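User: Hi! I am new to protein structures and would like to learn how to read one. Could you walk me through it?

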Amino acid sequence: MSFVGEWKRISSENEEGILKYIGVPEASIPFLMQAEATMNISKDGQTYNEVFTQLGQDRLNTMTPGQPGKYLTFDGNQVDCVFEFSANCVKISYSHNGVKYEGKRQLNDQQQLVDDLVLDDGKCTAKYIYEKK
């Protein structure tokens with residue numbers, strides 16, 4: 001499994017639903033859904049660094065197997081999170097503003113990076129698909 005590289009989001013499923021569920025202002029949703037989203041994932045030893053860029057803003061998240069992590073949320077807050085690494089995916093979980101987040105990242109058969117997001121044990125879900133640039 002290699003997530004390392006530069007990725008560009010090519011599609012999403014239920015992005016509007018997720019944004020509404022987490023309380024993004026209605027007026028901002030169309031801008032976010034139309035904005036290009038990219039990720040640059042690098043690895044330094046056992047640590048993965050992910051720079052997510054959208055609307056000219058970068059969010060850096062750092063993941064190290066076996067260590068608690070910090071995740072920079074959409075609204076700019078850092079939250080404690082748990083990362084789980086396995087042979088073919090990485091999972092993340094955290095809570096923020098009363099919402100429970102669970103994410104799973106893996107590569108599909110086309111070698112696209114797929115992020116599945118589940119909020120509050122399935123009350124709202126979304127999928128984001130990225131291709132290498």
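This is a predicted model: local features need pLDDT of at least 70, side-chain atom pairs count only at pLDDT 80 or more; totals for chains, interfaces and linings use all residues.

User: Where is Val118 found?

Analyst: Val118 sits in strand β9.

User: Which residues does Val118 touch, leaving out those up to four places away in sequence?

Analyst: With those set aside, Val118 touches Lys100, Tyr101, Glu102, Cys124 and Thr125. Val118 and Gly103 are 15 residues apart in sequence, and their C-alpha atoms are 6.3 Å apart in space.

User: Is Pro25 buried or exposed?

Analyst: The cut-off for exposed is over 50% relative accessible area. Pro25 has 52%, so Pro25 is exposed.

User: And what about Asp120: buried or exposed?

Analyst: Here the cut-off for buried matters, which is under 20%. Asp120 has a relative accessible area of 17%, so Asp120 is buried. Asp120 is placed in the loop between β9 and β10.

User: What is the phi of Asp120?

Analyst: Phi of Asp120 is near 45 degrees, a positive value in a residue other than glycine. Gln111 also has a positive phi without being glycine, near 60 degrees. You will find Gln111 in the loop between β8 and β9.

User: Let us step back to the whole chain. How many helices and strands does the protein chain have?

Analyst: The protein chain has two helices and 10 strands. Following the sequence, the pattern reads β-α-α-β-β-β-β-β-β-β-β-β.

User: How do I judge the overall form?

Analyst: One way is to compare the radius of gyration with a rule for globules. A compact globule of 133 residues would have a radius of gyration near 14 Å, and the protein chain agrees because its value is 14 Å. Along the principal axes, the C-alpha atoms fill a box of roughly 40 × 30 × 25 Å.

User: What share of the residues is buried?

Analyst: Of the 133 residues in the protein chain, 40% are buried.

User: Now for empty space. What shows where it is left?

Analyst: Rolling a probe the size of a water molecule over the atoms shows where empty space is left. In this structure, the largest pocket holds about 790 Å³ of space. Its lining has 37 residues, and Arg59, Tyr71, Tyr94, Leu117 and Tyr128 lie nearest the centre. Among the elements that give two or more residues to this lining are α1 (15–21), β3 (47–54), β4 (57–63) and β9 (113–119).

User: Which element gives the largest share of the lining of the largest pocket?

Analyst: That is β8, with six residues. By class, the lining of the largest pocket has 19 nonpolar, seven polar and 11 charged residues.

User: How much space lies in the second largest pocket?

Analyst: About 170 Å³. The residues that line the second largest pocket include Leu32, Phe52, Leu72, Phe74 and Arg59. Strands β3 and β4 are the elements that give two or more residues to this lining, and β4 gives the largest share, three residues. The lining of the second largest pocket divides into five nonpolar, four polar and two charged residues.

User: How many cavities of 30 Å³ or more does the structure hold?

Analyst: The structure holds one. About 40 Å³ of space lies in the largest cavity, and its lining is made of Phe3, Ile41, Tyr48, Met63, Phe85, Val90 and Arg105. Sorted by class, that lining has six nonpolar residues, no polar ones and one charged residue.

Key:
Residues are numbered from 1 along each chain as its sequence is written. Side-chain values use heavy atoms; hydrogens and water are left out. On a 1 Å grid over the protein atoms alone, a cavity is a set of points where a 1.4 Å probe fits but cannot get out, and a pocket is an open set with protein on both sides within 12 Å along at least five of seven lines; lining residues have an atom within 4 Å of a point. Grid points are joined across faces, edges and corners, and a volume is the space filled by probe spheres set on the points. Helices (H or I, at least four residues) and strands (E, at least two) are DSSP runs, numbered from the N terminus. Ala, Val, Leu, Ile, Met, Phe, Trp, Tyr, Cys and Pro count as nonpolar, Asp, Glu, Lys and Arg as charged, and the others, Gly among them, as polar. The radius of gyration is taken over C-alpha atoms; the globule rule is 2.2 Å times the number of residues to the power 0.38. Buried means under 20% relative accessible area, exposed over 50%, partly exposed in between (1.4 Å probe, protein chains only). Contact means heavy atoms within 4.5 Å.
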